[in-house]
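Please read them with the model open.

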Amino acid sequence: MAELRLSMVFFLFIFFYINLSTVESSMGRVRHFKHPDTKALIEVSCQTTLYPALCIKCLARYANSNVRNEQQLAQVALTVSLYKARSTRSYMLKVAKELESIKAKECPALRDCLQQIDDSINQLSHSIRELRRFDLKAGMTDDLFWQIDNVDTWISAALTDASNCVDELPGHRMSKMKATIKGKVMNVAQLTSNALALFHRYAARYRSATNKIVLLD
């Protein structure tokens, strides 16, 4: 009888231990994704970009943030692109100084590329500031459409500049240094391309509404 009681106690202990572990595991997953809607928003939105895997990878860290809509997601994507562009610019400045000290033949191309990255940084900064100024409570006003066009123009220009910078670095017989720079600049271009796609996804609703109004008129 005593053995039976010990067996029952042991069984109940194992049963509660397993269930407790399951609950703790579930709670851990819930804590890991405080905002599952944000995670879903990122995954769905990134499928509209040219580089969805890169998009999800870079934005996944914001899955537990307060990103709740497509405007905020576009804002975050632009910020990520701007951060990467600034980081790339810092690296290029360091390399440019080293090359100038030895009067390397790559200096002119690197300087041209650096100027284009500078332009991309300025345009991304403009687009972020403008996107923050959107007053959605005012409704579909001329100012809002003007702001949408401005942001679209700036991001597109930033993408063009980054792509032109990549073209400044030919792909044949590249040194390790040039290959590193080209990889970094290509990453900026891809991130900017993704940010533009996410902004287009956000702005599409307003452009669609405008087209409907025009058709009704």
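**Notes on the model**

1. This is a predicted model, so confidence comes first. The mean pLDDT of the protein is 79, and 74% of the residues score at least 70.

2. Confidence differs by element. Helix 3 (residues 52-59) has the highest mean pLDDT among the elements, 96, whereas helix 1 (residues 2-32) has the lowest, 38.

3. Two stretches call for caution. Over residues 1-34 the pLDDT stays under 50, and the model has 7 contacts beyond four places in sequence for them. Residues 211-217 also stay under 50 in pLDDT, with 1 contact beyond four places in sequence. I would keep both stretches out of any close reading of the model.4. Helix 4 (residues 70-101) packs against helix 5 with their axes 9 Å apart and at an angle of about 155°. An angle over 145° counts as roughly antiparallel, and helix 4 is therefore roughly antiparallel to helix 5. The crossing of helix 4 past helix 5 is left-handed. By class, the residues of this contact are 18 nonpolar, 6 polar and 6 charged.

4. Helix 5 (residues 107-132) also meets helix 6 (residues 142-167): their axes come within 8 Å and cross at roughly 160°. This pair, helix 5 and helix 6, is therefore roughly antiparallel as well. Helix 5 passes helix 6 in a left-handed crossing.

5. Which residues make the contact between helix 5 and helix 6? On helix 5 they include Cys-113, Gln-116, Ile-117, Ser-120, Leu-124, Ser-127 and Leu-131. On helix 6, among them are Trp-146, Asn-150, Val-151, Trp-154, Ile-155, Ala-158 and Cys-165. Charged members of the contact include Asp-119 and Glu-130 of helix 5 and Asp-161 of helix 6. Sorted by class, the contact has 12 nonpolar, 8 polar and 3 charged residues.

6. How many disulfides does the structure hold? There are 2. One of them joins Cys-46 and Cys-55, whose sulfur atoms lie 2.0 Å apart. The link of Cys-46 and Cys-55 is left-handed, with -65° about the S-S bond.

Technical notes
Residues are numbered from 1 along each chain as its sequence is written. This is a predicted model: local features need pLDDT of at least 70, side-chain atom pairs count only at pLDDT 80 or more; totals for chains, interfaces and linings use all residues. Side-chain values use heavy atoms; hydrogens and water are left out. pLDDT is the predictor's confidence in each residue, from 0 to 100. Helices (H or I, at least four residues) and strands (E, at least two) are DSSP runs, numbered from the N terminus. Contact means heavy atoms within 4.5 Å. Axes are lines fitted to C-alpha atoms, for helices over the stretch in contact, and angles run from 0 to 180 degrees between N-to-C directions. Angles under 35 degrees count as roughly parallel, over 145 as roughly antiparallel, 65 to 115 as roughly perpendicular and the rest as oblique. A crossing is left-handed if the near helix is turned anticlockwise from the far one by less than a right angle, and right-handed if clockwise. A disulfide is a pair of cysteine sulfur atoms within 2.5 Å.
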